[in-house]
Amino acid sequence: MNRGTVWTIVGVIAAIVIAWFLVNVLFSVVAFFIKLVVVAVVAVIVFFVLRAVFARDDRA
(Lines give C-alpha, C1' and ligand atoms only; values in the text may rest on other atoms or scores of the structure.)
Protein backbone atom coordinates (compact mmCIF):
# COMPACT_ATOMS: atom_id res chain seq x y z
CA MET A 1 0.00 0.00 0.00
CA ASN A 2 1.53 3.31 -1.02
CA ARG A 3 1.41 6.55 0.92
CA GLY A 4 -1.36 8.10 -1.20
CA THR A 5 -3.71 5.21 -0.51
CA VAL A 6 -3.20 5.51 3.26
CA TRP A 7 -3.97 9.23 3.19
CA THR A 8 -7.04 8.58 1.06
CA ILE A 9 -8.35 6.09 3.62
CA VAL A 10 -7.57 8.50 6.49
CA GLY A 11 -9.34 11.29 4.58
CA VAL A 12 -12.43 9.16 4.01
CA ILE A 13 -12.59 8.19 7.70
CA ALA A 14 -12.14 11.82 8.77
CA ALA A 15 -14.86 12.93 6.34
CA ILE A 16 -17.28 10.33 7.73
CA VAL A 17 -16.58 11.37 11.34
CA ILE A 18 -17.00 15.08 10.54
CA ALA A 19 -20.19 14.43 8.55
CA TRP A 20 -21.61 12.31 11.40
CA PHE A 21 -20.94 15.13 13.89
CA LEU A 22 -22.44 17.80 11.62
CA VAL A 23 -25.58 15.73 10.94
CA ASN A 24 -26.06 15.17 14.69
CA VAL A 25 -25.74 18.90 15.35
CA LEU A 26 -28.09 19.74 12.48
CA PHE A 27 -30.74 17.28 13.67
CA SER A 28 -30.45 18.60 17.23
CA VAL A 29 -30.99 22.18 16.06
CA VAL A 30 -33.91 21.20 13.83
CA ALA A 31 -35.51 19.17 16.63
CA PHE A 32 -35.12 22.13 19.00
CA PHE A 33 -36.89 24.49 16.60
CA ILE A 34 -39.67 21.97 15.95
CA LYS A 35 -40.21 21.64 19.71
CA LEU A 36 -40.17 25.42 20.02
CA VAL A 37 -42.87 25.78 17.35
CA VAL A 38 -45.01 23.06 18.94
CA VAL A 39 -44.72 24.69 22.37
CA ALA A 40 -45.67 28.08 20.90
CA VAL A 41 -48.75 26.63 19.15
CA VAL A 42 -49.88 24.81 22.30
CA ALA A 43 -49.32 27.94 24.38
CA VAL A 44 -51.48 30.00 22.02
CA ILE A 45 -54.25 27.38 22.11
CA VAL A 46 -54.14 27.21 25.92
CA PHE A 47 -54.16 31.02 26.12
CA PHE A 48 -57.32 31.31 24.02
CA VAL A 49 -59.04 28.45 25.88
CA LEU A 50 -58.28 30.05 29.25
CA ARG A 51 -59.39 33.44 27.98
CA ALA A 52 -62.66 31.96 26.76
CA VAL A 53 -63.26 30.14 30.04
CA PHE A 54 -62.62 33.22 32.19
CA ALA A 55 -64.61 35.46 29.83
CA ARG A 56 -67.67 33.21 30.32
CA ASP A 57 -67.29 33.35 34.11
CA ASP A 58 -67.18 37.18 34.07
CA ARG A 59 -70.39 37.51 32.04
CA ALA A 60 -72.45 35.27 34.34
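Val39 is exposed, because its relative accessible area is 54%; exposed means over 50%, buried under 20%, and partly exposed in between, with a 1.4 Å probe and protein chains only. This is a predicted model, in which local features need pLDDT of at least 70 and side-chain atom pairs count only at pLDDT 80 or more, while totals for chains, interfaces and linings use all residues. Residues are numbered from 1 along each chain as its sequence is written, and side-chain values use heavy atoms, with hydrogens and water left out.

Val39 sits in helix α1, which covers residues 3-59. The protein has 1 helix and 0 strands; helices (H or I, at least four residues) and strands (E, at least two) are DSSP runs, numbered from the N terminus. The radius of gyration of the protein is 26 Å, well over the 10 Å given by the globule rule for 60 residues, so the protein is more spread out than a compact globule. That radius is taken over C-alpha atoms, and the rule is 2.2 Å times the number of residues to the power 0.38. Taken along the principal axes, the C-alpha atoms fill a box of roughly 90 × 5 × 5 Å.

Distances along the chain can be followed from two positions. From Val39 to Ala55, 16 residues apart in sequence, the C-alpha to C-alpha distance is 24 Å. Ala43 also lies in helix α1, and its C-alpha atom is separated by 31 Å from that of Leu22, 21 residues apart along the chain. Ala43 counts as partly exposed because its relative accessibility is 44%.

For the protein as a whole, buried residues make up 0% of the 60 residues. The protein exposes about 5,600 Å², of which carbon and sulfur atoms supply 80%; accessible areas come from the Shrake-Rupley method with a 1.4 Å probe, and for residues only the protein chains shown count as cover.

The aromatic side chains come next. A search of the whole structure finds 2 aromatic pairs. In one, the ring centres of Phe32 and Phe33 are 5.6 Å apart and the planes are at 65°, so the pair is edge-to-face. Rings of Phe, Tyr and Trp (its six-membered ring) pair if their centres lie within 6.5 Å; planes under 30 degrees apart count as stacked, over 60 as edge-to-face and the rest as tilted. Phe33 is partly exposed, at 48% relative accessibility. The rings of Phe47 and Phe48 have centres 5.3 Å apart and planes at 70°, so this pair is edge-to-face. Phe47 is partly exposed at 47% relative accessibility, and Phe48 is partly exposed at 44%.
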